[in-house]
Amino acid sequence: MLGYATPGTLCRMEPGAGNVATQLRRGVLEHCVLAVLARSPEYAFELVRRLSAVDGLVTSEGTIYPLLSRLSRDGMVSTTWQPSDAGPPRKYYDLTAAGRRALDAFVAEWSTFTEGVDDLLRQAGAARARGARGDRRDR
Amino acid sequence: MTDVTVDPGADPATSPEVRDYLDRLRAEGRQLPPDRLDEVVYDVRSHVRDAVAAGTAAGLDPSLAARNALERLGPPAEIVRAEAEQSGVTVTAPTVGPDAPGGLVRYGEPVAIFLLMFGGFVFLLGWPVGVCLLWMSRTWRLREKLLGTFVWPFGYLSILLVGGLVTTTEVCSGSSTSGGSNTTSCTGGPPYPDWVGGLIFVVVLVAPILVAVALWRRRQAVLDGRAT
């Protein structure tokens, strides 16, 4: 098989809707975090709760924290400690200028990307429908 | 920005389930850089506190709210995997050895503390095993490891033996009567008064207990995410 690319080198497709959801989630979750913070600064628990409200976006809430730390290290979000009415101070996350730019870039990419994918899926759906009509006529 | 009222008196980390979860998170994440692990544990602990406060405000029993929160957080191993992925750390899943979940952290460290004190009585071998467990642990820093090793070698066995030697090496050469008074001359005893000997004995006796307490407190601080 020399000269042929290994199938699935760029994107390995495995059966199952769960895998598709995982791949999609991995690609968009950090931008969803930025999108939530674009509305207002949030403390971690509330941020996680907002993300979890989107069906299928977060499977294990605990995995958001490593992502938040990384976004903070990358300068996409900033953190501040604010006193709470009761209990210890809370860590609040806010969008930085770099985070806002990354979000804007993602929004532009996402629109183009989803329009393209939607178009492909519509064509595939139409082709399937034509095939089904042809089968019925043959019978 | 919505807010959740937290009851300052209710620290969910004191519940056995939460403590166990945080223990497992610590154990699973021992291959992560310590600062990363500390931050994750702190975040998760804060999350549980807020989740319990929100749950109880909604009328849930605190323990049920804590259970729900832990379930939604997902398995500790998954959080550690996510942290490793985000910080670019390679983590191999340990199944045996000191880094295994439920291994050294949960059982080895308390055993180490016990063996350092009383291991000498277990055919002399218990103490070296305790020292090995002490030095294998990543919970204790160098100073705690040195303290654990040198206060005292072979633990209470050495105190018993040294104490026995000191009291048995004093030789009294009998009594003689001269001028109506009894004199007893003893040689080989300690060159200090009895009360000094008593004080030294108490210090020697108490020191391993203080070291054990220090080791235990450090362990608890690490497990609770209060130590770096």
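Author: Helices (H or I, at least four residues) and strands (E, at least two) are DSSP runs, numbered from the N terminus. The expected span of a helix is 1.5 Å times one less than its number of residues. The model is predicted: local features need pLDDT of at least 70, side-chain atom pairs count only at pLDDT 80 or more, and totals for chains, interfaces and linings use all residues. Residues are numbered from 1 along each chain as its sequence is written, chains are lettered from A and ligands numbered from 1 in the order in which they are written, and side-chain values use heavy atoms, with hydrogens and water left out.

Reader: How far does helix α1 of chain B reach from its first C-alpha to its last?

Author: Helix α1(B) covers residues 16-28, which is 13 residues. At 1.5 Å a residue, 18 Å is expected, and the helix is close to that, with a reach of 18 Å.

Reader: Are α1(B) and α2(B) roughly parallel or roughly antiparallel?

Author: Axes are lines fitted to C-alpha atoms, for helices over the stretch in contact, and angles run from 0 to 180 degrees between N-to-C directions. The axes of α1(B) and α2(B) (residues 34-57) come within 10 Å and cross at roughly 160°. Angles under 35 degrees count as roughly parallel, over 145 as roughly antiparallel, 65 to 115 as roughly perpendicular and the rest as oblique. The two helices, α1(B) and α2(B), are therefore roughly antiparallel.

Reader: Which residues of α2(B) does α1(B) meet?

Author: Contact means heavy atoms within 4.5 Å. From α1(B), the residues involved are Val18(B), Tyr21(B), Leu22(B), Leu25(B) and Arg26(B). Their partners in α2(B) are Leu37(B), Asp38(B), Val40(B), Val41(B), Val44(B), Arg45(B) and Val48(B).

Reader: Is Met136(B) buried, partly exposed or exposed?

Author: Met136(B) lies in helix α6 (residues 126-136) of chain B. Buried means under 20% relative accessible area, exposed over 50%, partly exposed in between (1.4 Å probe, protein chains only). With a relative accessible area of 44%, Met136(B) is partly exposed.

Reader: What percentage of the residues in chain A is buried?

Author: Chain A has 4 helices and 3 strands, in the pattern α-β-α-α-β-β-α along the sequence. Of its 139 residues, the buried share is 32%.

Reader: In chain B, what percentage of contacts between residues at least 6 apart in sequence joins residues at least 24 apart?

Author: Chain B has 9 helices and 2 strands, and buried residues make up 41% of its 228 residues. Among contacts in chain B between residues at least 6 apart in sequence, the share joining residues at least 24 apart is 62%.
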